[in-house]
Amino acid sequence: MSEAAKLSVNGKEIELPILVGTENEVGLDISKLRASTGCITLDEGYVNTGSTASAITFLDGEEGVLRYRGYPIEQLAEHADFIEIAHLLMHGELPTQTQLTEMQSTMRFERTIPPAIVKLIASFPQQAHPMAIVMAAVAGLSAHHLERIDPADPKQVAEASARLLAEMPTIAAYAYRRTTGQDFVEPTKDLDYCRNFLHMMFSQPDKPLEIADELAEALDMLLIVHADHEQNCSTSTVRMVGSSDANLYASISAGVAALWGPLHGGANEACVNMLEMIHADGGDVAKYVEMARKKENNFRLMGFGHRVYKSYDPRAKIVEAACKKVLAKLKIEDPIFPIAQELERVAVTDQYFIDRNLYPNVDFYSGVLYRAMGIPSNMFTVLFAMGRLPGWLAHWIEMRTSPEKRICRPRQIYTGETERNFVPIEKRS
Ligand code: CMC
């Protein structure tokens, strides 16, 4: 491949350096474009825009490949646990036994959240969406961990990120207890990351929770498959907010906000709501595929389609296989699982979906497992946030430590009025 692309604009020819990543993906470096031509690029939704170079996650949407730091997601989901994955994403390598023991110890001993944040969560109305509570609680930590908010101090950043990982399940479980009107259950250091989370969610004072191994393992796997996905909407938000030198908690809280939307992390909740609707409507999946085809209906198959994957999302395959295994093992019959499978079968053979390369994504089956754990649908996106946290942290740290770091500040093509004179109020029509 030649070393530069040529661009001719306004009668002037310039060369744009060609960058090639380690997996041979190719990008044009346009960083000197405006200075040399006066032009900027326009790319609504950043469909063609690389916002950064990153060494964390590789995604090949055509081939359905996802790797964290070079390791295929299938291997990680089968052999690793979430804490190892967090270490891998944030530090670049799988932990040694000593590193893992140290990290597990932080995860066990730093689970308690500041009393003022407990009060903040308790002050929310019961009707609040748990994502609103999580967003506020994470932002609130920046007021209560003043000793950890300097983004320029690597020691503070390391402490803030490790401890936020430990605190997040507590915030998430408390958000659930608040929105279900139940007293909080304090974290225990006697249980691992996922079991402690389920304990805080579901234990009752007179009845400690018995947690089936299959469910704790399924939860760990779900956190792993959600842990990173390169420059998605929430991760890009975290990087963008952090680029202004905002502190880590403020940046992560912004990521939670971006994740909440139904086109991003909110799709898992919307997907289960859709599957329940299809079930209540007699299970006629073809009717809903037909509805999704017609634009005037303003209806999309939730959990279907992806900006980057133009083939099957590898995470959806892993999650579907786990659904089959866990439901069979625990003898759970959930009517929405066969509906989801049938919906997939009908949609992927439908010409509309074939033409647009629309396949199930990670959100399509995850709700089936969350439901098996007894987690209500308004908590699904919170679980996504818990899983995505190490990815957000890894990207924030990568952005902060990059020698190329600059404030993210896109430009625009202005399409409004040209200059005009102020009109006094009595003369306005
Ligand atoms: N159902 C029906 N039609 C769809 C769907 C869908 N789920 N997704 C895309 N399309 C159509 C869309 O109408 C458009 O058709 P046309 O070319 O005729 O106008 C075409 O496919 C391309 O769609 P797009 O909206 O331009 O694609 P995008 O890359 O901007 O959006 C997406 C990607 C994920 C937002 C979109 O596929 C979608 O809305 N899916 C449903 C929500 C969802 O499941 N989101 C979770 C994404 S995975 C987890 C995560 O990373 O957050």
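**Second largest pocket.** I sorted the lining of the second largest pocket by class: 14 nonpolar, one polar and ten charged residues. Here Ala, Val, Leu, Ile, Met, Phe, Trp, Tyr, Cys and Pro count as nonpolar, Asp, Glu, Lys and Arg as charged, and the others, Gly among them, as polar. The model is predicted: local features need pLDDT of at least 70, side-chain atom pairs count only at pLDDT 80 or more, and totals for chains, interfaces and linings use all residues. Residues are numbered from 1 along each chain as its sequence is written, and side-chain values use heavy atoms, with hydrogens and water left out.

I looked up the volume next, and this pocket comes to about 610 Å³. A pocket is an open set of points on a 1 Å grid over the protein atoms alone, with protein on both sides within 12 Å along at least five of seven lines; a cavity is a set where a 1.4 Å probe fits but cannot get out; lining residues have an atom within 4 Å of a point. Points are joined across faces, edges and corners, and a volume is the space filled by probe spheres set on them.

The lining has 25 residues, and Ala216, Glu217, Ala218, Asp220 and Met221 lie nearest the centre of the pocket. Which helix gives the most to this lining? H9 does, with seven residues. Helices H2 (73-79), H4 (97-109), H8 (193-202), H9 (213-226) and H14 (314-329) each supply at least two. Helices are DSSP runs (H or I, at least four residues), numbered from the N terminus.

**Helix H8.** I checked how covered H8 is: nine of its ten residues are buried. Buried means under 20% relative accessible area, with a 1.4 Å probe and protein chains only. The buried set includes Tyr193, Phe197 and His199. Helix H3 (82-91), H4, H7, H9 and H18 are among what covers these residues.

I then took His199, which lies in H8. His199 counts as buried because its relative accessibility is 15%. A polar contact of 2.8 Å joins its side chain to that of Ser203. Such a contact is a pair of N or O atoms within 3.5 Å, one able to donate a hydrogen and the other to accept it; residues adjacent in sequence count only if both atoms are side-chain atoms. Beyond four places in sequence, His199 is in contact (heavy atoms within 4.5 Å) with Val185, Glu186, Thr188, Leu191, Leu209 and Ile211.

**Cavity.** I counted one cavity of 30 Å³ or more. The largest cavity holds about 30 Å³ of space. Its lining includes Arg148, Asp150, Leu248 and Trp396. Helix H7 (residues 154-179) supplies the largest share, three residues. By class I noted six nonpolar, one polar and two charged.

**Core.** The largest nonpolar core has 118 residues, and Tyr68, Met274, Leu301, Leu369 and Ile375 have the most contacts inside it. A core is a set of buried Ala, Val, Leu, Ile, Met, Phe, Trp, Tyr and Cys residues joined through side-chain atoms within 4.5 Å.

**Glu398.** Buried or exposed? Glu398 counts as buried, because its relative accessibility is 17%. Glu398 is found in helix H18 (residues 380-401). I looked for its partners beyond four places in sequence: Glu398 touches Ala53, Ser54, Ala55, Ile56 and Arg239. Glu398 and Arg239 are 159 residues apart along the chain, with C-alpha atoms separated by 9.0 Å.

How values were computed: Buried < 20%, exposed > 50% of the residue type's maximum accessible area, 1.4 Å probe, protein only.
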